[in-house]
Amino acid sequence: MSLGLLIKFYREKNELTQEELGKGICSVTHISKIERGNTQYSPEITHMLSEKLGIDLEKEMQSLQKYERLLEQWHDSMVLQQVSEIERLKDEVEKNSLFLIQSVKNKYFLLQSRYNLLQGNIAQAETLLDKMNKHRKELNTYELHLLHHLLGITAGIKGDFKKSLEYLLQINEKEYLNHEFFYQIAIAYHNLQFKVKAYYYSEVALDYFRKTNNFKKVIDAETIKLINEGRNELWDFEELVERYNRLIAQCDILNETSKKAALLSNLAYEHSYVEDNEKAKMYYKKTLSLLEKNQKSPIYLNNLIGYVYCSLHIEGKQEEQDLKQLIETGTQFAKEINDQSSFLFFKMLRLLHEDKKELYYQFIEEKIIPMLEGSGKHQQLHTYEKTMYQHYLDKGNQEKALLYAGRLIENC
């Protein structure tokens with residue numbers, strides 16, 4: 001970092017032209033070269049420029065270096081998911097006008113984008129990232145990798161995992177030492193059904209998080225690893241449950257409610273998969289209690305769907321009216337937040353609750369399966385393909401049963 005950038009910053013802040021600043025000190029050409037860092041100049045010139053600008057350039061240089069370290073701390077707090085520290089450092093970063101200096105401005109706006117992503121302000125983050133992408137030639141190597149990382153995260157949040165991978169795989173791990181991006185690669189591969197690659201990158205990310213004592217991200221990487229280990233002849237369900245419970249215990253220690261809710265939801269799904277609907281229902285109920293402050297959200301509705309679905313598959317159920325009310329409430333919430341996926345699932349559950357079995361299976365085949373295929377939700381798709389396979393097998397429709405058996409084999 002040259003003093004020239006500071007001189008330019010404070011010249012513009014004082015609304016001086018290069019000619020006005022250099023008058024009585026040096027030529028306009030010399031000021032221009034000083035600001036660009038293209039020339040040597042004496043301590044005497046530095047002193048005279050400092051006096052004219054009303055600052056101590058050496059002290060300002062130290063302040064700028066301190067500010068750059070502050071930006072690093074802010075970034076670290078976001079990677080470590082330290083909520084209160086993120087806000088404290090954000091306030092400290094933004095109360096100082098130094099963030100407008102060219103050498104740190106780009107990094108500040110990139111980190112502001114990451115902050116917006118953490119807050120769920122996707123549109124604001126995209127606006128900043130689009131601006132940075134258009135001026136990518138101004139970015140240094142680290143900032144370019146940070147840009148790709150954030151573009152990858154944004155694409156993943158929006159469900160475009162192919163685009164997410166395109167950005168993330170451009171990052172050079174030797175030049176960009178924030179290896180958190182391996183976790184985002186694992187997420188992308190997981191959603192694209194590349195289980196082996198998802199497992200591999202979750203392992204790489206897990207190793208990095210352990211080395212950097214990022215305990216919250218350890219839980220995230222362990223979760224992806226668990227999901228992608230797959231079910232085979234060596235699969236031990238009880239061991240899987242125990243590993244989930246260990247992660248849930250870690251969430252309690254770290255007071256990570258949202259991560260605990262996600263793990264409980266996964267555990268509910270695993271029990272549902274082996275048709276233990278009683279335990280699945282229990283875990284869905286625990287998940288819903290953790291998410292009850294934000295009932296009008298896709299995550300809450302997805303777990304409510306799971307809870308109702310399992311309840312309807314339990315023999316001798318004694319809560320018909322309660323389930324009917326939950327279906328109606330879920331349908332209304334889905335309408336209010338324009339969640340078409342949840343709306344279709346609640347319509348499906350209404351048919352099941354009313355015991356309209358033929359219409360129920362027809363709805364799955366004509367609405368649910370195409371919707372899941374179109375949105376790339378392969379795990380749920382597998383569940384409903386399995387449902388249709390069993391339905392046609394029970395009906396003695398061998399042709400249709402074989403069709404779904406083929407799909408199940410192809411996607412396993």
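## Salt bridges

Searching the whole structure turns up 25 salt bridges, each being a side-chain nitrogen of Lys or Arg within 4 Å of a carboxyl oxygen of Asp or Glu. This is a predicted model, so local features need pLDDT of at least 70 and side-chain atom pairs count only at pLDDT 80 or more, while totals for chains, interfaces and linings use all residues. Residues are numbered from 1 along each chain as its sequence is written, and side-chain values use heavy atoms, with hydrogens and water left out.

Take Glu 92 and Arg 88, whose closest N and O atoms are 3.1 Å apart. Both sit in helix α6 (residues 83-94), four residues apart, or about one turn of the helix. Helices here are DSSP runs of H or I with at least four residues, strands are runs of E with at least two, and both are numbered from the N terminus. Glu 92 is partly exposed at 28% relative accessible area, and Arg 88 is partly exposed too, at 40%. For these labels, buried means under 20% relative accessible area, exposed means over 50%, and partly exposed is in between (1.4 Å probe, protein chains only).

## Bridges across the sequence

Glu 126 pairs up with Lys 158, and their closest N and O atoms are 2.8 Å apart. This one links distant parts of the chain: Glu 126 is in helix α8 (residues 122-134), and Lys 158 is in the loop between α9 (141-157) and α10 (161-168), 32 residues apart. Glu 126 counts as partly exposed at 31% relative accessibility, whereas Lys 158 counts as exposed at 54%.

Then there is the salt bridge between Glu 256 and Lys 216, with the closest N and O atoms 3.1 Å apart. Glu 256 is in the loop between α14 (237-254) and α15 (257-273) and Lys 216 is in helix α13 (residues 215-228), so the pair ties together parts that are 40 residues apart in sequence. Both Glu 256 and Lys 216 are buried. Salt bridges also build a network, which links Arg 114, Glu 180, Lys 217, Asp 220 and Lys 259.

## Aromatic rings

The whole structure holds 17 aromatic pairs. In the pair formed by Trp 74 and Tyr 108, the ring centres are 6.4 Å apart and the planes are at 25 degrees, so this pair is stacked. It links distant parts of the chain, with Trp 74 in helix α5 (residues 57-79) and Tyr 108 in helix α7 (residues 102-119), 34 residues apart. Trp 74 and Tyr 108 are both buried. As for the cut-offs, rings of Phe, Tyr and Trp (its six-membered ring) pair if their centres lie within 6.5 Å; planes under 30 degrees apart count as stacked, over 60 as edge-to-face and the rest as tilted.

Ring pairs also join Tyr 142, Tyr 176, Phe 181, Phe 182, Tyr 189, Phe 194, Tyr 200 and Tyr 201 into a cluster. Lysines get involved with rings as well: the charged end of Lys 131 sits over the ring of Phe 109, 5.3 Å from its centre, and Lys 386 lies over the face of Tyr 273, 4.4 Å from the ring centre. A charge sits over a ring if NZ of Lys or CZ of Arg is within 6 Å of the ring centre and within 35 degrees of the ring normal.

## Nonpolar cores

The largest nonpolar core has 65 residues, and those with the most contacts inside it are Leu 6, Leu 49, Leu 71, Trp 74 and Ile 185. Helix α5 gives the most to this core, with eight residues. A second, separate core has 54 residues, including Phe 237, Val 241, Ala 268 and Leu 304. A core of this kind is a set of buried Ala, Val, Leu, Ile, Met, Phe, Trp, Tyr and Cys residues joined through side-chain atoms within 4.5 Å.

Leaving out residues up to four places away in sequence, Leu 49 touches Ile 7, Leu 21, Ile 25, Ile 31 and Ile 34; contact means heavy atoms within 4.5 Å.

## Overall shape

The chain has 22 helices and zero strands. Its radius of gyration is 28 Å, well over the 22 Å that the globule rule gives for 412 residues, so the chain is more spread out than a compact globule. That radius is taken over C-alpha atoms, and the globule rule is 2.2 Å times the number of residues to the power 0.38. Along its principal axes, the C-alpha trace spans about 100 × 40 × 40 Å. Buried residues make up 46% of the 412 residues.
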